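User: I would like to go through the wording used for this model and see what stands behind each term.

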Amino acid sequence: MDYTGLYYSEDIQFKETSDFDQSVFNSGTVFYEVLRIIDGTALFLEDHLQRLQDSVNLAGNNFNVSVPVIHYLLRNLIRRNNTANGNVRILVHFTGEKLPVIYTFFTPHFYPGSELYQKGAASALYRTERMDPNIKKMHPELIKNINEFIKSKKIYDAILIDKDDKITEGSRTNVFFIHGDSLITAPSEKVLIGITRTKVFQLCKQLDINLIEQDISSTTLNNFDSAFFSGTSPKILPINYIDDIQFSVENKLTLKIMQAYDKLVSDYVNNN
């Protein structure tokens, strides 16, 4: 788990990242969120904190994530690191011995450039299943294996398939497919419900776009016209290849959702 910046927080204390001992995460359970900071504003912060609370509760823990405390930590993390743009990771670390410890720190990010949005991102299928996919917690060995696969394939993100060859999600994104005028994605109970994914659902209602949640067999990819990733860093990113199957990057529905999401982000930042 990488970090950047000069300072991080441990509970409500700020410390130098040179003293950050990550070995503490070798035991216990770590729930987390990754937020995008734009011009000093934590994008969709309320949604991220609700999902963090949901993850803690779904795992059977009785602990309330304090919204005022997180606001304080993020505000001071941004100020102390003099960094108004980037990604911040929030960790809630349970060890079973006492109350969990909350950490915040800036983490490395990659935001796609205009060329990648225009040409689309490459992907490949990777067979694995996450237990309790609605709970966002760290799985170090799984992430290590997937990252090695992504690096070896030279792709943007891997798309996960289960034992029944059904597509679930990207390893750090959600994935949508387009057939005609319909947008199709995996059922919510089978994926981590991404914040950007949720915003896409909301935009589809506003724009009167037909959205379908259903199982998607990896053997039917040729049936789709277009596909895109959604996520904190990529926002809405068209996919040009999944393995050797090519998709249209200039699909009108994809472009419509991209534009609507960009406006949603801009409005949120301007109003906060």
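Analyst: Buried means under 20% relative accessible area, exposed means over 50%, and partly exposed lies in between (1.4 Å probe, protein chains only). This is a predicted model, in which local features need pLDDT of at least 70, side-chain atom pairs count only at pLDDT 80 or more, and totals for chains, interfaces and linings use all residues. Residues are numbered from 1 along each chain as its sequence is written, and side-chain values use heavy atoms, with hydrogens and water left out.

User: Why is D243 called partly exposed?

Analyst: D243 has a relative accessible area of 40%, and partly exposed is the class between the two cut-offs, so the term applies to D243. D243 lies in the loop between β15 (235-242) and β16 (245-246), strands being DSSP runs (E, at least two residues) numbered from the N terminus.

User: What makes strand β6 largely enclosed by the rest of the structure?

Analyst: In β6 (residues 101-107), 7 of the 7 residues are buried, and therefore the strand counts as largely enclosed. V101, Y103, F105 and T107 point one way, whereas I102, T104 and F106 point the other way. In a regular strand the side chains alternate between the two faces of the sheet.

Conventions:
Helix = DSSP H or I, 4+ residues; strand = E, 2+ residues; numbered from the N terminus.
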